[in-house]
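Open the model in your viewer and keep the selection tool at hand.

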Amino acid sequence: MIHKALFYFLVSIAIKASASQDVITNDSYFYGQSPPVYPSQETSGQGSWEAAYKKAKGLVGQMTIEEKVNLTTGYDAGNGCSGSIAPISRLGFPGLCLGDSGNSLRNTDLVYSWPSGIHVGASWNKELAHKRAAAMAGEFKRKGVNILLGPVVGPLGRVVKGGRIFEGFSVDPYLSGVLAHETVSGTQETGVIATIKHYIANEQETNRNPFGNTSAISSNLDDATLHEAYLWPFQDALHAGSGAIMCSYNRVNNSYACQNSKLLNGVLKTELGFEGFVMSDWNALHAGYEAALAGMDMVMPNSDGFWGANLTESVNNGSLPEERLDDMATRTISAWYQMGQDNDFPAPGIGMPASLNSPHEKIDARNVSDKPTLFDGAVEGHVLVKNANNTLPLSNPSSLYLAGYSARAPDQNAPAGGDQLVQYEWAFGFQSAASYLYALVAASQGWTIDVSPIANNGTIIGGGGSGSVPQSTFITPFDALVTRADEDNTELFWDFSSPKPSAIQSSDACLVFTNAFASEVIDRPSLRDDYTDGIILSVASQCAKTIVIIHNAGPRLVDPWIEHPNVTAVIFAHLPGQESGKALVSLLYGESQFSGKLPYTVARNESDYGDVLSPSLPSGEYQFFPQSNFSEGVYIDYRYFDREDIEPRFEFGFGLSYTSFDYSSLEVDVVSNSNNTIYPTGPVLQGGQTDLWDVLARVSVDVTNTGSYDGSEVAQLYVGSPGSPKKQLRGFLKTLIKVGESAKYTFELTRRDLSSWDVTRQAWKLSAGPHQIYVGPSSRNLPLNAVLQLPLRHEADHMMGESTTLLREEL
């Protein structure tokens, strides 16, 4: 049996063996570390894809080889789309427009700025995630964008300083997967193709691409870790019907993800029954027809020197079977038909001008009916982690003092300017953090320059890079506070420039606005900074009620000041989108209630995160082929803190409210007559074997609002199964409960929830238990617990000589 310990033992042997050798200079050294899987599984239109598949087969059957190749290769359509597929006019196919990103429609006008993925994760709200996705996809559709390049579930968040954590929902696979499922469903019910990305183990920005003689980073992980952690949310998104998936820049087990036949042909298209198409990340293709044979279907943003005419030649000379090309084209057209884009979909790119600086037709994609979703999304992603001395909510303050650098708008908010870098600042979300843009440009040239961990030119409502949000009209915290102060006749003082502000000590409270910025291409330099901590401590030394607001694109450490007696309230405000200021003021004054929970762990020290704090770097024999060994397996974030018995500052799932809740009446019930075979037996439809989603048990609990405010509570269910981490999130529900009332929360546990990956059988193995059941308001506050045992049925296994027996174990 090849399991995790053996996998990493073999990796260590390879490393030791190379120690006596010279620096590795040839990729052939790594051949075979990712097993080859051929041929590529053809789409067959199973389940809900049947009608779209039949239409696609008919249309593709009328195409020439060149037309089919054009469906696989991006081109420049002369508009503002992130990528495009050419039309086939004679067959009535209008082409495709692809647009960034999963957080908002970037680099255009007349769209809303939505909360980023990390903010959605902090809301723990399935319904809100669905509404956000549907509303956002409506804007994509009205702008003529066929394919939404999101949501993000990779990076998952393994590397704590990872630059793109903010684009995804959570470091926890279950939470990320549930919200991805809702996002894909909401997106595609609008008629826009969702693209789940970046597949897979794309956990750091450092060395994400090859440069010069140095290859991209290789994420080395065993099969169980792949399935139980990094693949988990992708599987949820596929189960929701995602029409596209984007392969990532990095290598996986030393094979580039966009030409890794094990991951594309074996896992994605065979094990998970994927019916849609695989596109490359931008310029992530590193091979010609070999990548097509390995399972990639579409290259972006152009042929990259490999596909296009070269792919046509490969078909003509027999290197690439035309049947494979047919399948590549059919997968793309199937997704187009599946979303109904052949009927009344706007012309591709109609609302995406090539230049916003030049005169262009204005397509207003905004829908005023979406404003409540914008506001609710901004509110619910704020997490209150400290509230001492009745600091919040504010009650008719006569005077407030404001400090920090993240309350006001940036000095410039426009896509105009003769300098191309100025235009990029707006297009990629760097208006408040220009230093990041210069560091990004340097990184693209192979240089490294220091970058600040903060955006010091104003507040942030999103992160940087392709996952940024358009900064059109947005309400800053300062704007909203000025409006509220005017209404209440409150005196306002502020200092947004001094590193040591002189606070007005007679103020009812002092608010310090800070941030922790992050961007694509560059990993974060640190999880805290002296400049920001100095401002907070300076104000706290003068003001008895200091409220710290952090707009953070990832975990931010607070220990230098969190226990200061005058720091009486702390809010992780994340990345709220355009309603940032309005949402914050509504929360500060108690008109809205805090209900967010942390989708990650906040440690006391950086070292508490262990070996996954920082990105892996080229070194030693591997200086040309950098390696990142996922030897920790699934033990990241709270799983790691639990295993190592490390006390976090704020645990995963933690968040305060203005009210209080009591948990009681835990019940655990096994579903009768369920198919409790050890291994799943259902057919494969997109997302995997169908009975992986069968409900085997239900857990219910009563939650009572015992406080003084109506409020929403996120109840969390954790399961500890034999051979697995002490506890893993396996359910969450969010419900509004009025003062003095109770609500019953009922969680459903599926076969997959109670299984582990069997690397020998290459299947999910159901465990009889005992499964430890925990329910509570956070991962370390779980007042209710019980034990679940499942009756298992052994099917006859002729290969292993097992007889059919029936085991019944009572609860």
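The lining of the largest cavity divides into 12 nonpolar, 4 polar and 2 charged residues (Ala, Val, Leu, Ile, Met, Phe, Trp, Tyr, Cys and Pro count as nonpolar, Asp, Glu, Lys and Arg as charged, and the others, Gly among them, as polar). This is a predicted model: local features need pLDDT of at least 70, side-chain atom pairs count only at pLDDT 80 or more, and totals for chains, interfaces and linings use all residues. Residues are numbered from 1 along each chain as its sequence is written, and side-chain values use heavy atoms, with hydrogens and water left out.

Select G157, V171, P555, Y600 and D637. Of the 18 lining residues, these lie nearest the centre of the largest cavity. Its volume is about 160 Å³. A cavity is a set of points on a 1 Å grid over the protein atoms alone where a 1.4 Å probe fits but cannot get out; lining residues have an atom within 4 Å of a point. Volume is the space filled by probe spheres set on the points, which are joined across faces, edges and corners.

Next, the second largest cavity, with about 90 Å³ of space. Select its lining: E228, W232, V719, S721, S724, Q728, R730, D753, S755 and S756. By class, that is 2 nonpolar, 5 polar and 3 charged residues. Helices (H or I, at least four residues) and strands (E, at least two) are DSSP runs, numbered from the N terminus.

Now colour Y199, M279, I333 and F572. They have the most contacts inside the largest nonpolar core, which has 156 residues. Such a core joins buried Ala, Val, Leu, Ile, Met, Phe, Trp, Tyr and Cys residues through side-chain atoms within 4.5 Å; buried means under 20% relative accessible area with a 1.4 Å probe, protein chains only. Helix 12 (residues 322-338) gives the most to this core, with 7 residues. Apart from this core lies another, of 30 residues, among them A485, F496, F513 and I549.

Last stop: helix 5 (residues 126-142). Is this helix enclosed or open? Of its 17 residues, 12 are buried, so helix 5 is largely enclosed by the rest of the structure. Among the buried ones are L128, H130, R132 and F140. Show what covers them, including strand 2 (96-99), helix 4 (117-123) and helix 13 (371-380).

Notes:
Buried < 20%, exposed > 50% of the residue type's maximum accessible area, 1.4 Å probe, protein only. 1 Å grid on protein atoms, 1.4 Å probe; cavity = no way out; pocket = protein on both sides within 12 Å on 5 of 7 lines; lining within 4 Å. Contact = heavy atoms within 4.5 Å.
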